[in-house]
Structures are given as structure tokens and as C-alpha cells.
Amino acid sequence: MTDAHVPEPDTPGLDGPGLAPDVPGLDVAGLARWLAREHPGLAGAGPLRAALIDGGRSNLTYRVEGAAAPLVLRRPPLGHALPTAHDMRREHRVISALRGTIPVPATVDVVDDAEAGEVTGTVFFVMEHVDGVVLDHPAKNADWAPEGLHRLGIEVAEVLADLHAAEPGPLGLGDFGRPDGYLDRQMRTWRRQLDASRSREVPDLDALGARLAADVPVSARSGIVHGDYRLDNMLVAGPPDAPRIAAVLDWEMATLGDPLVDLGMLGMYWRIREMAGDAGAAGAIVPGAGYPAFAEAVDAYAARAGTAVPDLRWYRSFACYKLAVILEGVHFRFNKGQTVGEGFDAIGALVAPLAKEGLWISDPTR
């Protein structure tokens, strides 16, 4: 679900003369007025130009040029969503709190524009742009040396360990979630999300949800959970032989809970192209490019965290279930004409492979 693919310099709408036409979901002229009024130090001399950054399967992300520095704006998606989903204030809060703990962008402001309707007609937030690229397809691995990608894969695990080691209280996030009963609530939440997004029969997904709900593990510890932690939710920068994580993005699902959920999600994405192929599958991690095996990444996480990692089968199966439910929701919105961007026609086809993978991983007989 990467909403933050940074466009190339020649992306239409960023280099054109004057103010670009409004992009879907964002009033660029209204944004210019708001910026001049509320953050005059960031207002540029000329008109703003904006472009919807590639993605938009969940929260919408825009690159904004023409201010004193490049900016990024985030807003909720158009159309169908859970009432508690896509909370811009929460995303802004956690990114602001984690600044200096792990790589995240610097935030500028969060605004409730629902009544005024000046910019988006929703709550939105603005943050500084971070230079880097999103490795969201295997072809992008060609710009990096295999040894660099191997080290990058290890860093992905180490940054996750750093996130999970952060104490919520001192960061002002002590009330950011309710760790007790987190996994049970997660199962209820995603089953409810599936029920709210039903447009067809999904028997394997229902079977996976029932199996997971019947065997919820007891969490050994709690911490800050990203909720969608994977390589293509990060910006990568640096020379070909030494890429580094410049920023971790897409914090809309962050909360306090069982950190192993993030590891399970990372493991699912580590092999998503093997299970689902190229059609709509995110990520650049493929065998032979240089990335470490997931087991090595888990070892790196454990070494950084100073703790052993237990069996991850339930968590990896849950990751399959969660993503399948999310994609079923995207499929629902696509059929209603409530999506912005390309590639949504293939999203629904990924639900069945994810459900089958989750059933296979959680099969007690194997």
C-alpha cells in the first residue's frame, strides 16, 4: 500500500508553468492561501504546484512544489472507510513524536478542514519532503549494488527493533493505544472491516479469520507498532553500495500493541511476490537481488533488540489476513468508482492468494 512513491523530476504537474490544475482531493489554490496565512515562512514567492504521488490505495499523498521548501500533504482516501480508519491526527502525532528516534520526516502542521473546505475538506497534515526513492518494484534494485541491498535489508530489521525499543511514555505516546487485549481487538477490527467491505464471497479469507481467532497468542510484550512496516513504505537514499533508510512512512495504522505483528507483516511482504506474482504486488525484495533471507533479518532484529524471537507463524498468517482484508476494501471502493490512480483493477485478484498463504502457514498439520 505504498502511498509515498516520490515522482521523478519530470512528473507532470510539478514542472509545468504557473499553478497546476487542482489534483483530485486537493485544492491547490486553497493550500496556497492556508500556507501563506498559517505558515508564512514556508510560503514561496510563486504559485504552488502539486501532484498526487503514485499510489492512493489508502491515504492520499501529494508532493507540493513552489513553497519555500518541498512539502508533502496527506489526507484520507475518497469514499468508503471505517469510521476509525485514516486518522490524520494520529499519524501526525506519532511521526512528530518519533522524530530523532528513528528516521521519519519533520512535520509542519495538522489541520481539520472538514468545515472550512479550503484545502481538502478533511483533516490533513503537512510534512517536509525527504529526498529518497521508494523501492517498490524489483526493477529499481538495478540502481543499487547487491551488497548494499543486503545491508539495507538488515537495516530494515534493525530500525524496526529500534522502534519497538522506544518507550512510549517519554515520547508522549503513553495513551496512543491499549496494549492489553490488542491481538483480540485486531481480529475483531479486521473481521468487522471485512464485513463492511463485502461485495463477493471470500471463503478462504473467512476460514483464515476463523482459524486465527481461535488461536490468538498471548503477547509477551508491548511497544509502538507501525502496522504496515515494509521496505516500500520507506524512502531510501545514499550511494549504490551503501543505501540507507532516509525515512519510514505511512504511519496510519500505528498504535501500541504486540511488536511481533510488525515482524509478521515484514515476513509476509518479504515473499509477497513469490506468492502473488507481479500483478499488483508491492515490493522490491526478490531472491538474487542481494537482500538477506527473512530468517537473517529476524536474527538481525533479535540481535539489535537483545531478545529471542518466538515462532512467528500466527503473526505471519495474521499479516496475510490483514492485507487481504485491506485489499478487499480497496476492491470494494474500486467497484464503486471511489479510487484515484491506476492499478486498482488487479487488487481484488490478490485476496485469494493471500488467504491461501495464510491458511498454509497456519496449518497445524504441516
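Contact here means heavy atoms within 4.5 Å, and the legends that follow use the word in that sense for a model that is predicted.

**View 1. Overview of the predicted model, with its helices, strands and burial.** The protein contains ten helices and nine strands. Of its 366 residues, 56% count as buried, and the accessible surface of the protein comes to about 15,000 Å², with 53% of that surface belonging to carbon and sulfur atoms. When contacts between residues at least 6 apart in sequence are considered, 74% of them join residues at least 24 apart.

View 2. Asp 262 lies in helix H6, which spans residues 260-270, and Asp 262 is buried, with a relative accessible area of 0%. Leaving aside residues up to four places away in sequence, Asp 262 touches Leu 160, Leu 163 and His 164, and also Ile 224, Val 225, His 226, Gly 227, Asp 228 and Tyr 229.

**View 3. Packing of helix H3 against helix H6.** The axes of helix H3 (residues 146-165) and H6 come within 11 Å and cross at roughly 160 degrees; because angles over 145 degrees count as roughly antiparallel, H3 and H6 are described as roughly antiparallel to each other. Their crossing is right-handed. On the H3 side the contact involves Gly 153, Val 156, Leu 160, Leu 163 and His 164, which meet Asp 262, Leu 263, Leu 266 and Trp 270 of H6. Sorted by class, the residues of this contact between H3 and H6 comprise six nonpolar, two polar and one charged.

**View 4. Packing of helix H4 against helix H5.** Helix H4 (residues 182-196) and helix H5 (residues 203-213) have axes that come within 11 Å and cross at roughly 165 degrees, and H4 and H5 are therefore roughly antiparallel to each other. The crossing of H4 and H5 is left-handed. From H4, the residues Met 187, Arg 191 and Leu 194 meet Leu 205, Asp 206, Gly 209, Ala 210, Leu 212 and Ala 213 of H5. The residues of the contact of H4 with H5 divide into six nonpolar, one polar and two charged.

**View 5. Packing of helix H9 against helix H10.** The axes of helix H9 (residues 313-335) and helix H10 (residues 351-361) come within 8 Å and cross at roughly 165 degrees, which makes H9 roughly antiparallel to H10. The crossing of these two helices, H9 and H10, is left-handed. H9 contributes Arg 313, Arg 316, Ser 317, Cys 320, Leu 323, Ala 324, Leu 327 and Glu 328 to the contact, while H10 contributes Val 351, Leu 354, Glu 357, Gly 358 and Ile 361. By class, the contact of H9 with H10 has seven nonpolar, two polar and four charged residues.

**View 6. Asp 250 in the loop between strands E8 and E9.** Asp 250 lies in the loop that runs between strand E8 (244-248) and strand E9 (255-257). Although Asp 250 is not a glycine, its phi is positive, at about 60 degrees. Since buried means under 20% relative accessible area, Asp 250, at 4% relative accessibility, counts as buried.

Conventions
Residues numbered from 1 in each chain as written. Predicted model: local features only at pLDDT ≥ 70, side-chain atom pairs only at ≥ 80, totals over all residues. Heavy atoms only, no water. Axes fitted to C-alpha atoms, helices over the stretch in contact; angles between N-to-C directions. Helix = DSSP H or I, 4+ residues; strand = E, 2+ residues; numbered from the N terminus. Parallel < 35°, antiparallel > 145°, perpendicular 65-115°, else oblique. Left-handed = near helix turned anticlockwise from the far one by under 90°. Nonpolar A, V, L, I, M, F, W, Y, C, P; charged D, E, K, R; others polar. Buried < 20%, exposed > 50% of the residue type's maximum accessible area, 1.4 Å probe, protein only. Areas by Shrake-Rupley, 256 points an atom, 1.4 Å probe, with all protein chains shown as cover.
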